[in-house]
Amino acid sequence: MRTEDGVLDYSMHFNESRFFTKLGRVAGLLGERVLYSLFILYYLMFDKTIPLKIRSIFMGALGYFILPTDLVADFLPLIGFTDDIALISYVIANAIEYITPEIKEKARHTSIRLLG
């Protein structure tokens, strides 16, 4: 399964354990707004009311985030996460119809808790 922009290609890189490990390392660098967006995609990915192909796109965006060597390597100061943030923003902008108040609340609560 492939989308025009290739996002699904990265779905095979998503791993829940690696996702939370990376978040634990970089949460402070990303800030609350980016964490909130990541958790929106994370919770949408498990929403069975959303078609599988759409949920796979969310998984692909999170898989891209997990990869340390993507278009712009994450270890580069200041610019390392710009490509990740751009992709996450793009996917969320195209997922507006699926983002419920419940998803927003869970994402907000989880991002605040992670920044603790």
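Student: Where is the kink in α1 centred?
Tutor: The kink in α1 is centred on glycine 31. The bend there is about 115 degrees. Keep in mind that this is a predicted model.

Student: What does α1 span between its end C-alpha atoms?
Tutor: Only 11 Å. A straight helix of 30 residues would span 44 Å at 1.5 Å a residue.

Student: What caps the N-terminal end of α1?
Tutor: Asparagine 15 does. One of its side-chain oxygens lies 2.9 Å from the backbone nitrogen of serine 17.

Student: Let's step back. How many helices and strands are in the protein chain?
Tutor: There are 4 helices and 0 strands. Reading from the N terminus, the order is α-α-α-α.

Student: And how much of the chain is buried?
Tutor: Of its 116 residues, 48% count as buried. The accessible surface of the chain is about 6,700 Å². Carbon and sulfur atoms hold 60% of that surface.

Student: What share of the contacts joins residues 24 or more positions apart?
Tutor: That share is 65%, taken over contacts with a separation of 6 or more.

Student: Back to α1. Where is leucine 41, and what does it touch?
Tutor: Leucine 41 sits in helix α1. Residues up to four places away in sequence are not counted here. Beyond those, leucine 41 touches Phe58, Ala61, Leu62, Ile88, Val91 and Ile92.

Student: Why does leucine 41 count as buried?
Tutor: Because its relative accessibility is 0%, and buried means under 20%.

Student: How far is leucine 41 from glycine 60?
Tutor: Their C-alpha atoms are separated by 9.9 Å. Along the chain, the two are 19 residues apart.

Student: What about serine 37: buried or exposed?
Tutor: Serine 37 is buried, because its relative accessibility is 18% and the cut-off for buried is under 20%. Serine 37 is also found in helix α1.

Student: Which residues is serine 37 in contact with?
Tutor: Ile88 and Ile92, leaving aside neighbours within four places in sequence. The C-alpha atoms of serine 37 and isoleucine 92 are separated by 7.4 Å. In sequence, that pair is 55 residues apart.

Student: On to α3, then. Which of its residues are buried?
Tutor: Asp83, Asp84, Leu87, Ile88, Val91 and Ile92 are the buried ones in α3.

Student: Why do they line one face of the helix?
Tutor: Look down the axis of α3. Its buried residues fall within an arc of 165 degrees, so they line one face.

Student: What covers them?
Tutor: The cover includes α1 (16–45) and α2 (52–66). Leucine 41 is part of that picture, touching Ile88, Val91 and Ile92 among others.

Student: And what should α3 span at 1.5 Å a residue?
Tutor: Its 12 residues, 82–93, should span 16 Å. The end C-alpha atoms are 16 Å apart, so the value agrees.

Student: Where is threonine 100?
Tutor: Threonine 100 is in the loop between α3 and α4 (101–115).

Student: How far is threonine 100 from leucine 44?
Tutor: From C-alpha to C-alpha, threonine 100 and leucine 44 are 9.2 Å apart. They are 56 residues apart in sequence.

Student: Last helix. How far does α4 reach?
Tutor: α4 reaches 21 Å from its first C-alpha to its last. That is close to the 21 Å expected for its 15 residues at 1.5 Å a residue.

Student: Which residues of α4 are buried?
Tutor: Ile103, Ala107, Thr110 and Ser111 are buried in α4. They cover an arc of only 100 degrees around the axis, so they sit on the same side of α4.

Student: What do those buried residues pack against?
Tutor: They pack against α1. On the other side of α4, Pro101, Glu102 and Arg113 are exposed.

Student: What follows α4?
Tutor: Glycine 116 follows α4. Its phi is positive, near 20 degrees.

Technical notes
Residues numbered from 1 in each chain as written. Predicted model: local features only at pLDDT ≥ 70, side-chain atom pairs only at ≥ 80, totals over all residues. Heavy atoms only, no water. Helix = DSSP H or I, 4+ residues; strand = E, 2+ residues; numbered from the N terminus. Expected span 1.5 Å × (residues − 1). Buried < 20%, exposed > 50% of the residue type's maximum accessible area, 1.4 Å probe, protein only. Arc of directions from axis to C-beta. Contact = heavy atoms within 4.5 Å. Areas by Shrake-Rupley, 256 points an atom, 1.4 Å probe, with all protein chains shown as cover. Bend = angle between axes of the 7 residues up to and from the residue. Polar contact = N/O pair within 3.5 Å; in protein donor to acceptor, adjacent residues only side chain to side chain.
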